[in-house]
There are 2 protein chains.
Amino acid sequence: MDSGNAELHPENRSLPPPDDMVGCDEKWIKKAILEAMAAAAQGEVPIGAVLVKDDELISTGRNSPIALNDPTAHAEINAIRAAAATLKNYRLVGTTLYVTLEPCVMCIGAILHARIDRLVYGARDPKSGAVSSIYNIGQDGLLNHTLEIEGPVLEHECAALLKDFFGKKRQIRKQARADSI
Amino acid sequence: MDSGNAELHPENRSLPPPDDMVGCDEKWIKKAILEAMAAAAQGEVPIGAVLVKDDELISTGRNSPIALNDPTAHAEINAIRAAAATLKNYRLVGTTLYVTLEPCVMCIGAILHARIDRLVYGARDPKSGAVSSIYNIGQDGLLNHTLEIEGPVLEHECAALLKDFFGKKRQIRKQARADSI
């Protein structure tokens, strides 16, 4: 048997085939979207994350710097801290982090420290995305650790959450200015 | 009076003159070293940080990912989270963060999110330093926010802590191997 056939054999596959993986990724990004919607309901920028191991949910996180008075309380960091507390381990080997927005510099740093194996993100972030848009941290070979990165996944849905949130904010500000005249 | 003279006038100075600033920076890095030593005493990699506003201590932080089961619990993040909780504000405008080791990607990201004005670090980190050694985040003009960065300050003292810590760890491992033969 050549190595190609060996990889195709079900018992030898370390990852599901592409179609299954796409389905899995979309399923978990949808779960992260629910977290983002919960963040928006609390007046926070709608970004959500879930941490998964062997297709099982380990933790969730939603953006909450205002509510928690914590500039580090991004969705990814909250999910990572919750998972590490649950597993009683500061390394999260064998896990995948799903997040609705391309991680910033801080979050990809945390993802690497946690030794997360795989990252899947929803929408690209042209202003501060640190794994594709502005920097390529985690895959540029400049640090000791790397990880597998997939994205964008369900980009339209993930970006729409943010567009809607900021659109409503602008509308409220505009109305407030009009009322004050 | 030309603008040069205006800047030199004591009442017009927004920052102390260089000699005073060097003294201030060394004073606060020494305080951060005490935090690093406390981390080492707990078996953590000795890195310490303090957050300062108007030459007054706001918070301290020491590296504690193992004790807290938290991969994000670097000295800088702990100091930032403590300060934001104390000030009940996720923005730490007008502050300076002192840390014994050049920040990693995660920590410079957090420093930027917190809108810290100035960063002073002790030793350079050739493996993962993200403000000078590997990346130049915060001053490379690629993100919306920048900050003033000073370092290395008391590099020998800060680096010696790490060298001593890892030297002792190697010695213990060597002894354990010798004992098991």
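Which helix of chain A does G167(A) lie in? I looked, and G167(A) sits in helix 6 of chain A, residues 155-180; helices (H or I, at least four residues) and strands (E, at least two) are DSSP runs numbered from the N terminus.

Ground rules for this notebook: I am working on a predicted model, where local features need pLDDT of at least 70, side-chain atom pairs count only at pLDDT 80 or more, and totals for chains, interfaces and linings use all residues. Residues are numbered from 1 along each chain as its sequence is written, chains are lettered from A and ligands numbered from 1 in the order in which they are written, and side-chain values use heavy atoms, with hydrogens and water left out.

**Entry: helix 6 and the fold**

I checked the exposure of G167(A): it counts as partly exposed because its relative accessibility is 25% (buried is under 20% relative accessible area, exposed over 50%, partly exposed in between; 1.4 Å probe, protein chains only). From G167(A) to S180(A) I get 20 Å, C-alpha to C-alpha, for 13 residues in sequence.

For chain A I count six helices and five strands, in the order α-α-β-β-α-α-β-α-β-β-α. Of its 181 residues, 44% count as buried. I also looked at contacts (heavy atoms within 4.5 Å): among those in chain A with a separation of 6 or more, 55% come from residues 24 or more positions apart.

**Entry: D25(A)**

I found D25(A) in helix 2 of chain A, residues 18-41. Its relative accessibility is 4%, so D25(A) counts as buried. Setting aside neighbours within four places in sequence, its contacts include Y98(A), V120(A) and V153(A).

D25(A) also makes a salt bridge with R118(A), with the closest N and O atoms 2.8 Å apart (a side-chain nitrogen of Lys or Arg within 4 Å of a carboxyl oxygen of Asp or Glu). R118(A) is in strand 4 of chain A, residues 118-123, so the pair ties together parts 93 residues apart in sequence. Both partners are buried.

E35(A) and R62(A) meet in a salt bridge at 3.1 Å, N to O. I note that this pair links helix 2 to strand 2 (residues 56-62) of chain A, 27 residues apart. E35(A) counts as buried at 11% relative accessibility, whereas R62(A) is partly exposed at 26%. Over all chains, I count 14 salt bridges.

**Entry: where B meets A**

Next I turned to the interface. I find 32 residues of chain B in contact with 32 residues of chain A. The two chains bury about 2,700 Å² between them, 68% of it on carbon and sulfur atoms (buried area is the accessible area, 1.4 Å probe, that two parts lose on being put together, summed over both). P71(B), Y90(B) and Y135(B) supply 23% of the area that chain B buries against chain A, more than any other three residues.

How many salt bridges are there between chain B and chain A? I count two. One of them pairs R81(B) with D70(A) at 2.8 Å, N to O.

**Entry: symmetry**

I superposed chain B on chain A: a rotation of 180 degrees with 0.0 Å of shift along its axis does it, RMSD 0.0 Å (least squares on the C-alpha atoms of residues with pLDDT of at least 70 in both). The two copies are thus related as by a two-fold rotation axis. The same surface serves both, since 100% of the contact residues of chain B recur in chain A. Of the residues of chain B, M106(B) comes closest to the axis, at 1.9 Å (C-alpha).
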